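Please examine the structure shown below. The paragraphs that follow lead through it one region at a time.

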Amino acid sequence: RKYARLFQLTDGDRDCYISRSEYMGVFARSGLGQSMVAQICELVGAEPAGRLTFGKFVGAMHLINWSLAGRPLPLALPPDLLNYISSLGAASAASPADLASQGSSRSASRSRGGSSSRSPSRGRDRDVPSARDIRKYARLFRREDPNRHGQLPIGTMRALAGRSGLGGFQLSQIFGLAGISGRDSAGFPEFVAVMHLIRCARSPQRPPLPASLPSDLAECMSSLRQAPLVADLASRGSSRSASRSRSPTPRGVARDVPSERDCRKYARLFQLTDGDRDCYISRSEYMGVFARSGLGQSMVAQICELVGAEPAGRLTFGKFVGAMHLINWSLAGRPLPLALPPDLLNYISSLGAASAASPADLASQGSSRSASRSRGGSSSRSPSRGRDRDVPSARDIRKYARLFRREDPNRHGQLPIGTMRALAGRSGLGGFQLSQIFGLAGISGRDSAGFPEFVAVMHLIRCARSPQRPPLPASLPSDLAECMSSLRQAPLVADLASRGSSRSASRSRSPTPRGVARDVPSERDCRKYARLF
């Protein structure tokens with residue numbers, strides 16, 4: 001039914017056939033390569049003119065899901081799938097339109113011409129962005145333009161667009177439609193057009209991108225050039241983001257001096273880093289903390305010079321707070337000053353006064369769980385949950401087992417290092433830290449890694465990402481090494497993955513887990529393909 005709805009959306013002339021350009025646009029959104037898509041079309045047997053019937057479209061969509069689940073494509077269509085495709089072309093079979101209207105989903109309701117509980121425009125793709133969308137885009141634009149230039153560099157636009165998961169060709173097509181190909185920067189109207197076209201391209205029930213910018217969207221861009229300022233648009237509405245945009249110091253924009261809450265947060269981080277409690281942290285200690293910000297070494301060195309590190313390279317608590325504030329200042333897009341602003345200089349000096357509260361006192365203030373732990377009190381969570389542990393908990397190991405099993409569909413018990421690096425890359429850590437983590441886990445230079453090493457890497461990444469964690473150790477901690485040894489004698493990964501009471505564990509126990517292709521499409525899949533057809 002799902003495939004039927006997709007088929008209906010793609011088959012504009014309702015002749016129960018979709019052309020090559022139409023179905024290739026749909027299949028391209030799967031992320032599979034052109035050669036694999038061509039192999040799938042050959043398997044289902046496209047018509048001589050390159051067209052696909054509804055049955056063959058359903059078969060192709062099913063093989064795409066099959067490939068995405070990690071199963072290799074067959075050399076020929078399995079008999080069950082071949083019979084299923086033939087049954088959809090029989091004279092007695094339901095038409096795509098009939099299948100698309102079945103079921104209880106909102107898509108089925110729209111195919112029947114009925115109304116859903118949502119507003120007519122919400123929940124489906126519109127030709128132009130709604131007023132709510134424009135306000136949302138204004139807030140995003142304002143966050144990426146902290147200096148209020150009214151223009152975003154194309155590099156920033158590409159980085160934002162890259163998070164959508166679309167391919168480079170589609171993004172280039174979108175930038176061309178918005179009229180910013182070859183330009184160095186773009187204004188708010190072009191930003192809105194790019195965001196809206198990306199939304200349309202990501203929708204599974206949307207035809208391919210148009211050859212030229214739709215007239216309605218072009219008119220919307222023109223109207224935005226005479227619209228109120230971006231700041232005014234960003235502050236409208238009733239959402240929390242709009243409320244922050246109306247505040248005197250919006251979230252994500254650095255203040256001239258740290259807030260009380262920031263100071264308490266920095267005090268807790270200082271306490272964790274200052275192991276000997278002498279109210280100084282050494283160069284190796286604070287450089288490990290500053291490196292997690294993602295700023296380059298030259299900028300970090302400039303910040304240390306601005307706050308004035310001690311002759312031996314040490315930092316007092318006040319100077320540590322100043323350095324952390326300047327790091328957040330840089331991350332918010334503000335250029336570093338040539339000298340410390342007077343307000344910040346006075347603030348740092350006040351933290352070093354004899355009457356000032358100590359880092360330990362500041363760390364214990366506030367109502368957060370971190371402050372509660374600094375006071376030695378208990379929080380509503382269990383003692384181990386919510387903080388970093390020296391070894392992963394049983395719950396963590398089950399979670400890592402489910403992730404390992406999902407990335408190892410053929411059940412080899414080993415993951416290629418390329419897959420490991422791709423997973424680790426999602427953490428946002430730098431290449432140096434990831435190389436250090438892989439070295440600690442003992443898999444540098446290897447082609448693959450087993451489940452114990454996978455657990456060690458995931459746990460070390462979690463530790464490195466925590467803002468309240470000291471730098472990575474020089475060698476693998478003995479507790480973590482013992483945990484890896486015990487995992488080599490532990491039950492199979494599949495057994496670990498199926499334990500627990502979470503939905504993921506429930507799917508791991510299911511005879512047909514989510515993400516694993518069935519031999520034939522389900523009724524719901526068929527309705528979806530019919531709607532697309």
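In this predicted model, Gln-271 touches Arg-277, Pro-359, Ala-360 and Ala-363, when residues up to four places away in sequence are not counted. Gln-271 itself belongs to helix H15, which runs over residues 260-273. Is this residue, Gln-271, buried or exposed? Its relative accessibility is 16%, and because residues under 20% are classed as buried, Gln-271 counts as buried.

The wider setting may now be considered. The protein chain contains 29 helices and 8 strands. Of its 533 residues, 42% count as buried. Among the contacts in the chain with a separation of 6 or more, 72% are accounted for by residues 24 or more positions apart.

Gly-187 and Gly-150 are separated by 37 residues in sequence, and their C-alpha atoms are 6.1 Å apart in space. Which residues does Gly-187 contact, leaving aside its neighbours within four places in sequence? They are Phe-141, Gly-150 and Gln-151. Gly-187 has a relative accessible area of 5%, and it is therefore buried.

Phe-141, one of the contacts of Gly-187, is a buried residue of helix H8. This helix covers residues 131-144, 14 residues in total. From its first C-alpha to its last, H8 reaches 20 Å, close to the 20 Å expected at 1.5 Å a residue. The buried residues of H8 include Asp-133, Ile-134, Tyr-137 and Ala-138, and Arg-139, Leu-140 and Arg-142 are buried as well. An α-helix has 3.6 residues a turn, so residues three or four places apart point the same way.

Helix H10 (residues 168-177) and helix H11 (residues 188-202) pack with their axes 9 Å apart, at an angle of about 140 degrees. Because of that angle, H10 is oblique to H11. The crossing of the two helices, H10 and H11, is right-handed. Which residues meet where H10 and H11 pack? From H10 come Gln-170, Leu-171, Ile-174, Phe-175 and Leu-177, and from H11 come Val-194, Leu-197, Ile-198 and Ala-201. The residues of this contact divide into 8 nonpolar and 1 polar, with no charged residue.

Key:
Residues numbered from 1 in each chain as written. Predicted model: local features only at pLDDT ≥ 70, side-chain atom pairs only at ≥ 80, totals over all residues. Heavy atoms only, no water. Helix = DSSP H or I, 4+ residues; strand = E, 2+ residues; numbered from the N terminus. Expected span 1.5 Å × (residues − 1). Buried < 20%, exposed > 50% of the residue type's maximum accessible area, 1.4 Å probe, protein only. Axes fitted to C-alpha atoms, helices over the stretch in contact; angles between N-to-C directions. Parallel < 35°, antiparallel > 145°, perpendicular 65-115°, else oblique. Left-handed = near helix turned anticlockwise from the far one by under 90°. Contact = heavy atoms within 4.5 Å. Nonpolar A, V, L, I, M, F, W, Y, C, P; charged D, E, K, R; others polar.
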